[in-house]
Amino acid sequence: MPKGVIAIVGTTGVGKSELGVQLAKALHGEVINGDSMQVYKGMDIITNKMPMEEREGIPHHLMDFLEPHQEYRVTEFTEDAIKIIEDIHSRDRVPIIVGGTHYYIQSLLWKNSLIKSYDDECDNDSEDDENLNSETDVLYKRLQEVDPIMANKWHWNDRRKIRRSLQIYLQTGKRHSDWIKEQHLPDEKASSLRFPLTCIFWLYADPKVLDQRLDKRVDNMIKMGLFEELKYLRNKVKNDVSYGGNVNYTRGIFQAIGYKEFEAYLNALEETPHLNDKAVETNIEAMKSAKRRYSRKQIRWIRNKLLLKCQENNLNDADTNYKSKAGVYLFNTTCILFLSSNFSIPCIPTGIFLRRIFFNQLIDSFWN
């Protein structure tokens, strides 16, 4: 019988990590990190990692293994996660993918589907990328080097298309032409559900309530030592040759919300050690605003990409002999006032109740 996987998605601040631990306890599972920032060693505050004591002994994979200057592409994540899932299955346990980097999770759950959802996730993150902001002729020459097929397809002065093809290569590690080639395979091979029995939990909260939670989260991050963490990273950039002395806000750990927002303040603080409170308050509000914007972006992706993909998958499989199922369950966490290792959601009290709400075939695959 095929093995199943669980994915927990949603915005930051809705309790994904906590639910992952509780499900792992109920289903004999292990957590696989699906957050692109939590792969980095240290930096626990800026990346919002779940404290060790709150993980309750549940194994967490693909977390805390990269140095801050290293990059980790979505294709690498997919390859690593597949190997871990196979290992978890071999030990008759349940893989539970938890995270808010949704194009990572989609690339794992569906074969060769990344490009279809890639633009919405990444276009807004590339405005500060020096590799993509050169003159058009420079970008075209670079595209000719890495992906001559796409370079021949586009006019040498079509900046938008050239930039997009180059961006796909730089951020996924795979040529745009290769993605297109794979997506023209027969449907069952090109963009089929990788794990035929897939259960997705979407944790949602009312935007007004969520905004308040996110603001409190930023305040707590500062109390926990966010500035010290940022200063440590700044010193690494200045003194460690691995970083090259420069910061690219579209690469690695520097994409995490907080570094960019506080850089001006930390620069000023080095020149004038005693700045007034107004200076830091401006940067705190900038970080809170960035958190809120990112949460809206995460919701758009789930609504416009993930749910549509699940619907397409289930409709297509109804017309073929290829049996797979992507079940999506929405949990409204608006009323949960306190999220901790002891939290509970009325919808998820026990593994016995889970048996009743899942598709029978899906649940049987988790327990057998």
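This is a predicted model: local features need pLDDT of at least 70, side-chain atom pairs count only at pLDDT 80 or more; totals for chains, interfaces and linings use all residues.
Mentor: Two strands count as paired if DSSP finds at least two bridges between them.

Trainee: Okay, which residue in β4 is the bridge partner of Ile8?

Mentor: That's Val98. Three bridges join β1 to β4, residues 94-98, and the two strands run parallel.

Trainee: And how many bridges does β1 have with β5?

Mentor: Seven, again in the parallel sense, with β5 spanning residues 197-204. If you want a spot to look at, find Gly4, which stands opposite Leu197 of β5.

Trainee: How do I read burial on a strand like that? How many residues of β1 are buried?

Mentor: Check each side of the strand separately. In β1, residues 4-10, seven of seven are buried. Gly4, Ile6, Ile8 and Gly10 point one way, while Val5, Ala7 and Val9 point the other way, and all of them are buried.

Trainee: Let's move to a helix. Which residues of α5 are buried?

Mentor: Along α5, residues 136-146, you'll find Thr136, Leu139, Tyr140, Leu143 and Val146 buried. They sit on the same side of the helix because they cover an arc of only 130 degrees around the axis.

Trainee: Which exposed residues does the face turned away from that side carry?

Mentor: Lys141 and Glu145 are the exposed ones there.

Trainee: And what covers the buried residues of α5?

Mentor: The cover includes two helices, α6 (148-153) and α7 (159-172).

Trainee: What about charged residues? Where is Asp147 found, and is it buried or exposed?

Mentor: Asp147 is in the loop between α5 and α6, and it's buried without a salt bridge. The nearest side chain of opposite charge is Arg175, 4.8 Å away. A salt bridge needs the nitrogen and the carboxyl oxygen within 4 Å.

Trainee: Which residues does Asp147 touch?

Mentor: Leaving out residues up to four places away in sequence, Asp147 touches Arg175, His176 and Ser177.

Trainee: Now Arg213. Which helix is it in, and how far away is the nearest side chain of opposite charge?

Mentor: Arg213 belongs to α10, residues 207-224.

Trainee: Which backbone oxygen lies 3.3 Å from a polar atom of the Arg213 side chain?

Mentor: The one of Thr334.

Notes:
Residues are numbered from 1 along each chain as its sequence is written. Side-chain values use heavy atoms; hydrogens and water are left out. Buried means under 20% relative accessible area, exposed over 50%, partly exposed in between (1.4 Å probe, protein chains only). Helices (H or I, at least four residues) and strands (E, at least two) are DSSP runs, numbered from the N terminus. The arc is that of the directions from the helix axis to the C-beta atoms. Contact means heavy atoms within 4.5 Å. A polar contact is a pair of N or O atoms within 3.5 Å; within protein, one must be able to donate a hydrogen and the other to accept it, and residues adjacent in sequence count only if both atoms are side-chain atoms. Lys and Arg count as positive and Asp and Glu as negative; His and the chain ends are not counted.
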